[in-house]
Amino acid sequence: MALAALLLAAPAEAADAARGQALLANRQASLCVLCHAIPGAAAHLQGDLGPDLRGVGGRMTSSEIRQRLLDPAQANPDTIMPAYGPRDGLIRVGRQWQDRPILPEAAIEDIVAYLATLKDE
Ligand code: HEC
């Protein structure tokens, strides 16, 4: 009974910070490093169009980070950062992006879990 309750309470797949770190560092998969500096990546591979993500876990809560990934235009209507969540109403979308978000929800959760661990500048 207690075990069944625990199993029901567990998310289908827990967010994995290590997987998030790998995704973040993969410029083809997530694009993040085109615009952001992250810990540990070679300097010439890091963009500076967006803020340095070191220490972001100290500046923002997990839900603020998630919201930023899903809909960056909420923080800045003119943002150049792509929305990683599902989007409605887009009309000129490359075929490979049609009807699907840039990253699946589980990948976004992995990235949020990793960024939340970045507390040091
Ligand atoms: C095309 C450039 C671009 C890409 C790609 C991009 N971002 Fe951003 N991001 C920005 C800019 C610019 C800002 C500053 C706020 C704004 O103008 O939207 C920002 C802000 C943020 C912030 C808030 C940071 C702070 O300290 O205020 C987070 C967190 C973030 N981005 C995470 C990500 C992650 C994670 C990815 C990849 C999944 C990503 N971004 C991809 C450009 C980008």
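I111 is buried in this predicted model, with a relative accessible area of 1% (buried means under 20% relative accessible area, exposed over 50% and partly exposed in between, with a 1.4 Å probe and protein chains only). The place of I111 is in helix α7; helices (H or I, at least four residues) and strands (E, at least two) are DSSP runs, numbered from the N terminus. Leaving aside neighbours within four places in sequence, I111 is in contact with G20, L23, L24, L69 and L103, where contact means heavy atoms within 4.5 Å. I111 and R66 are 45 residues apart in sequence, and their C-alpha atoms are 8.7 Å apart in space. Because the model is predicted, local features need pLDDT of at least 70 and side-chain atom pairs count only at pLDDT 80 or more, while totals for chains, interfaces and linings use all residues. Residues are numbered from 1 along each chain as its sequence is written, and side-chain values use heavy atoms, with hydrogens and water left out.

The protein has seven helices and zero strands, in the pattern α-α-α-α-α-α-α along the sequence. Of its 121 residues, 27% count as buried. Among contacts between residues at least 6 apart in sequence, 47% join residues at least 24 apart.

Besides I111, the buried residues of α7 include A107, I108, D110, V112, Y114 and L115. The buried residues of this helix pack against α2, α5 and α6. The largest nonpolar core contains 19 residues, of which L24, V56, I65, L103, I108, I111 and L115 touch the most other members. A nonpolar core is a set of buried Ala, Val, Leu, Ile, Met, Phe, Trp, Tyr and Cys residues joined through side-chain atoms within 4.5 Å. At least two residues of this core come from each of α2 (17–25), α4 (32–35), α6 (62–70) and α7 (105–115), and α7 supplies the largest share, six residues. L115 touches L24, L53, V56, G57 and I65, not counting residues up to four places away in sequence.

Y84 lies in the loop between α6 and α7 and counts as buried at 5% relative accessibility. Not counting residues up to four places away in sequence, Y84 touches S30, L31, C32, L69, L70, P101, I102, L103 and I108. Y84 and L103 are 19 residues apart in sequence and 5.9 Å apart in space, C-alpha to C-alpha. One of the residues touched by Y84 is L31, which lies in the loop between α3 (27–30) and α4. L31 is partly exposed, with a relative accessible area of 32%. Most residues other than glycine have a negative phi. L31 is not a glycine, yet has a positive phi of about 70 degrees.

The iron atom of the ligand is coordinated by H36 through NE2 and by M81 through SD, at 2.0 to 2.2 Å. Donors are N, O and S atoms within 2.8 Å of the metal (3.2 Å for Na, K and Ca); water is not among the atoms, so sites may look incomplete. The site is octahedral, with angles of 88 to 178 degrees among its six donor atoms. Six donors count as octahedral if opposite donors are over 155 degrees apart and all others between 65 and 115. Ideal angles for six octahedral donors are 90 or 180 degrees. H36 is in the loop between α4 and α5 (56–59) and M81 in the loop between α6 and α7, so defined by DSSP runs; the pair is 45 residues apart and links distant parts of the chain. H36 is buried at 12% relative accessible area, whereas M81 counts as partly exposed at 22%.

About 490 Å³ of space lies in the largest pocket. On a 1 Å grid over the protein atoms alone, a cavity is a set of points where a 1.4 Å probe fits but cannot get out, and a pocket is an open set with protein on both sides within 12 Å along at least five of seven lines; lining residues have an atom within 4 Å of a point. Grid points are joined across faces, edges and corners, and a volume is the space filled by probe spheres set on the points. The pocket is lined by 25 residues, of which H36, P51, L53, R68 and M81 are the closest to its centre. The elements giving two or more residues to the lining are α4, α5, α6 and α7, and the largest share, three residues, comes from α6.

G58 lies in helix α5 and counts as exposed at 56% relative accessibility. Not counting residues up to four places away in sequence, G58 touches L118 and K119. G58 and L118 are 60 residues apart in sequence and 6.9 Å apart in space, C-alpha to C-alpha.

Technical notes. Four donors count as tetrahedral if all angles lie between 85 and 135 degrees; four count as square planar and six as octahedral if opposite donors are over 155 degrees apart and all others between 65 and 115; anything else is irregular.
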